[in-house]
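Have the 3D view open as you read.

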Amino acid sequence: QVSKAFLQEVQVKEINAVLLTKGMSDNWESIWNFQAKPNDLLIASYPKSALSGTTWTQEIVDMIQNDGDVRKCQRAYTYVRQPHLEWKPWLLSTPGLEEAEKMPSPRTMKTHLPVQLLPPSFWKENTKIIYVARNAKDVAVSYYHLSRAMSVLPRPGTLDEFIDKFMNGRVLWGSWYDHVKGWWNKKDKHPILYLFYEDMKENPKQEIQKILKFLEKDLSEEIINKIIYHTSFDIMKQNPMAGYDTIHINIIDHSISSFMRKGITGDWKNHFTVSQSEKFDEHYKKKMAGTTLTFRSEI
Ligand code: A3P
C-alpha cells in the first residue's frame, strides 16, 4: 500500500534554484554529504533522461558488469540493483543513498542531479560517471507522458503548459538546457563518458564498446550481441526487473502511459504542433547559443 506521506513527495521545493521534491530537499544535507568511493560508478542524466534513456543505460551497464548473464541481471529491480541517490525508491521506505551506503563495493548508482548539485565527494574521489543525454523535444514528450501517469511527479497540465514549464526549467530536477550543458562542460575535467540516446538507438554496438573501454572491460563479440538483444526496447519491455512497468498502479497508472512507452527518436513530431515546435526552436537557439554540444532530434 502506498502511504499518504509517500505521495506527498510530489510537493516541490527549491535547492539553489533547482526544483526538487520536498523529500529530496528535506534530506538535502545527507544527499550533499554522501560519501562516494573511487571504485563507484555513477550513471547520471536529466530525468526521463527525462526520460533520456537512463534505465536503458543502467541495464546495459549491469549486463556488462555481469558478463552478459541475464539471470544475474534479473536478481532485483533496477532501483535496487543501482540505487537512485537522491530519490526514495518506489514502495521502499529508505532513500536511495541509504541503500547505496549498505551496498558492497564496487557500487553502481544513478542520479538526475544537475552537475552543480552533485555531492562533492564524487569529484574528490574521481569517481567514473556515465552521463546520458537525449534531444530536448523527445525528453519533453517522454517527461510529459510519465508525469501524466506517475502520481509521484507534479501534475503536468496540458502538453502546451508542460512545454512551457520545460522551457522555463520549472520541472523537477530543473532546466534541461542547464543540465545537459553543465555536465558537458565538466566532461573534460573529470572521468565522464557523455553518451547520447540517439547514438545508442542508431548504433548500440558502438556505444556499448565506448562503455566497455571506459570501464576498462573486454567482452567477446558474442556477449556484446547478447547484451544488445537483451537491452533492446522490446525485450526490456518484457523484463519485469527492468524499468518501472511492474510497479504499483498507485504510482504509475499504466492505463495512461507505460514507462517503456515508445523508445524511439522523433516521437515529438507526433505531439508538437508546428507553432509549438517553432516557438521551442526559437527559445532553444538562445538557450544553447555558444555551446559545442549538439543534439539530433531525428535519426
Ligand atoms: P519514451 O517515453 O520516449 O518511450 P529514463 O530511463 O531516462 O527515464 O528514459 C525513459 C525513456 O527511455 C522512455 O522513452 C523509454 O521508453 C526509453 N527506453 C527505455 N529503455 C529503452 C530501450 N531499451 N531502448 C530504447 N528506449 C528505451
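## Where H4 meets H13

Ile 60, Val 61 and Ile 64 of helix H4 touch Ile 208, Ile 211 and Leu 212 of helix H13. Sort those residues by class and you get six nonpolar, no polar and no charged. Keep in mind that this is a predicted model.

How do the two helices sit against each other? Two packed helices are described by the angle between their axes and the distance between the axes. For H4 (residues 54-65) and H13 (residues 204-214), the axes come within 11 Å and cross at roughly 55°. H4 and H13 are therefore oblique to each other, and their crossing is right-handed.

Is Tyr 46 buried or exposed? It has 30 C-beta neighbours inside 10 Å, and the cut-off for buried is 20 or more, so Tyr 46 counts as buried.

Tyr 46 and Val 18 are 28 residues apart along the chain, and their C-alpha atoms are separated by 12 Å.

## Another pair: H10 and H16

Helix H10 (residues 159-167) packs with helix H16 (residues 274-287) at an angle of about 5°, and their axes are 11 Å apart. Angles under 35 degrees count as roughly parallel, so that's the label for H10 and H16.

Which residues make the contact? H10 brings Asp 160, Ile 163 and Met 167, while H16 brings Gln 276, Phe 280 and His 283.

Terms used. Residues are numbered from 1 along each chain as its sequence is written. This is a predicted model: local features need pLDDT of at least 70, side-chain atom pairs count only at pLDDT 80 or more; totals for chains, interfaces and linings use all residues. Axes are lines fitted to C-alpha atoms, for helices over the stretch in contact, and angles run from 0 to 180 degrees between N-to-C directions. Helices (H or I, at least four residues) and strands (E, at least two) are DSSP runs, numbered from the N terminus. Angles under 35 degrees count as roughly parallel, over 145 as roughly antiparallel, 65 to 115 as roughly perpendicular and the rest as oblique. Two residues are in contact if their C-beta atoms, placed from the backbone, lie within 7 Å. A residue is buried if 20 or more other C-beta atoms lie within 10 Å of its own, exposed if 12 or fewer, and partly exposed in between; C-beta atoms are placed from the backbone. A crossing is left-handed if the near helix is turned anticlockwise from the far one by less than a right angle, and right-handed if clockwise. Ala, Val, Leu, Ile, Met, Phe, Trp, Tyr, Cys and Pro count as nonpolar, Asp, Glu, Lys and Arg as charged, and the others, Gly among them, as polar.
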